Amino acid sequence: MGKANEKALEFINILVNNDMVGELENYDDQGVKVSAHTYDVLKVSIEEIKRDYTDFDEAKRFIDFFAIIVGVIIHDLSKGSIRKTSETMSHSQMMLKKPDYIIKEAESLLDEIESQAGVKIKESIRKNITHIVVSHHGRWGKIVPNTREAHIVHRADMYSAKYHRINPIGANEILEALCMGENIVEVSKRFMCTTGVIKDRLKRAKIELRLKTTKHLINYYKKVKKVPIGDNFFTKRVRETAKLIAAVEKKGFKQLILTNKLLDYLVDDEIFEPIGEKIDEGEN
């Protein structure tokens, strides 16, 4: 006899191994892979649930865990797909101006995974998943969240984007390269980021040390061999981002998704339509 969540686990396993989801590992967004951000949104969503409810048993009475997991996995699909087409709009612009594109893309992928898994998601849950996807930008998108699950994912996405999508490069690495004779453009290429990021990190270090010029900062670095990354708040966020990136690189995006705590609370009969033999129309 199979486990109560066997079909749900198979569905999610097929989903994370889909090519479109895999594409998220090939694109960076402000120095952080889209896949790392996606995992972070799930992680923060789970933290939101733990904060709002006594435990997962209580939360499950009010929150659809399956909708959250699947909705999070596919919420940023267009960040990969639009880069493979002639589409000129960014993901954020699509969310604001072409929500139908976002919905159709999500529905198409759900159709594909349903077919491969041999299941049919209940219509109310399916609608909740696509709503999570199309509303995760909140007031910065065309559609705003109107379900508990969508509100949770929106808050998690905003938190992750604001605090954990920070290129973890710091002033110390930059100064080391500058001391080797590289210029700012060469340093930006070395660390695969914009010159704006380089200038921002140097500026933050100068502010903390109350130094006026980059030359003064370089001289300070040569003597001390270490400078502040920024204020305490920024330093904490950079370290959190670096920790997130390291976790995804070490364990893998798919593995982290497939071992999240919510999976144990999924129940196939609550998620999928019953699939049985069709009754012949001639029978009474």
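What covers the buried residues of helix 11? Keep that question in mind while you get your bearings; the second stop answers it.

This is a predicted model, in which local features need pLDDT of at least 70 and side-chain atom pairs count only at pLDDT 80 or more, while totals for chains, interfaces and linings use all residues. Residues are numbered from 1 along each chain as its sequence is written, and side-chain values use heavy atoms, with hydrogens and water left out.

**Stop 1: the whole protein**

Show the protein as a cartoon. It has 17 helices and two strands. Helices (H or I, at least four residues) and strands (E, at least two) are DSSP runs, numbered from the N terminus. Along the principal axes, the C-alpha atoms fill a box of roughly 90 × 45 × 35 Å.

Of the 284 residues, 48% count as buried. Buried means under 20% relative accessible area, exposed means over 50%, and partly exposed is in between, with a 1.4 Å probe and protein chains only. Switch to a surface: the protein exposes about 15600 Å², and carbon and sulfur atoms supply 49% of that area. These areas come from the Shrake-Rupley method with a 1.4 Å probe; for residues, only the protein chains shown count as cover.

Of the contacts with a separation of 6 or more, 69% are between residues 24 or more positions apart. A contact means heavy atoms within 4.5 Å.

**Stop 2: helix 11**

Select residues 171-179, which form helix 11. Its buried residues are Ala171, Asn172, Ile174, Leu175, Ala177 and Leu178. What covers them includes helix 12, helix 13 and helix 14. Just after helix 11, select Gly181, which takes a positive phi of about 100°.

**Stop 3: helix 14**

Now select residues 214-224, which are helix 14. Leu217, Ile218 and Tyr221 are the buried residues here. Seen down the axis of helix 14, they fall within an arc of 100°, so they line one face of the helix. The arc is that of the directions from the helix axis to the C-beta atoms. The face turned away from the buried side carries the exposed residues Lys215 and Lys223. Helix 11 returns at this stop: the cover over the buried residues of helix 14 includes helix 11 and helix 13.

Stay in helix 14 and pick Thr214. Thr214 is partly exposed, with a relative accessible area of 26%. Not counting residues up to four places away in sequence, Thr214 touches Leu202 and Lys206. Draw a distance between the C-alpha atoms of Thr214 and Leu202: they are separated by 7.1 Å, and the two residues are twelve apart along the chain. At the other end of the stop, helix 14 is followed by Lys225, whose phi is positive, near 70°.

**Stop 4**

Most residues other than glycine have a negative phi. Met192 sits in the loop between helix 12 (184-190) and helix 13 (195-209), and Met192 counts as exposed at 74% relative accessibility.

Next select Arg210, in the loop between helix 13 and helix 14. Arg210 is not a glycine either, and has a positive phi of about 60°. Arg210 is exposed, with a relative accessible area of 78%.

**Stop 5: Thr130 in helix 9**

Select residues 123-135 for helix 9, then pick Thr130 within it. Is Thr130 buried or exposed? Thr130 is buried, with a relative accessible area of 10%. Leaving out residues up to four places away in sequence, Thr130 touches Ala106, Glu107 and Leu110.

**Stop 6: Ser81 in helix 6**

Finish at Ser81, in helix 6 (residues 78-81). At 14% relative accessibility, Ser81 counts as buried. Residues up to four places away in sequence aside, Ser81 touches Met20, Tyr101 and Glu105. Show the side chains of Ser81 and Glu105: a polar contact of 2.4 Å joins them. A polar contact is a pair of N or O atoms within 3.5 Å; within protein, one must be able to donate a hydrogen and the other to accept it, and residues adjacent in sequence count only if both atoms are side-chain atoms.
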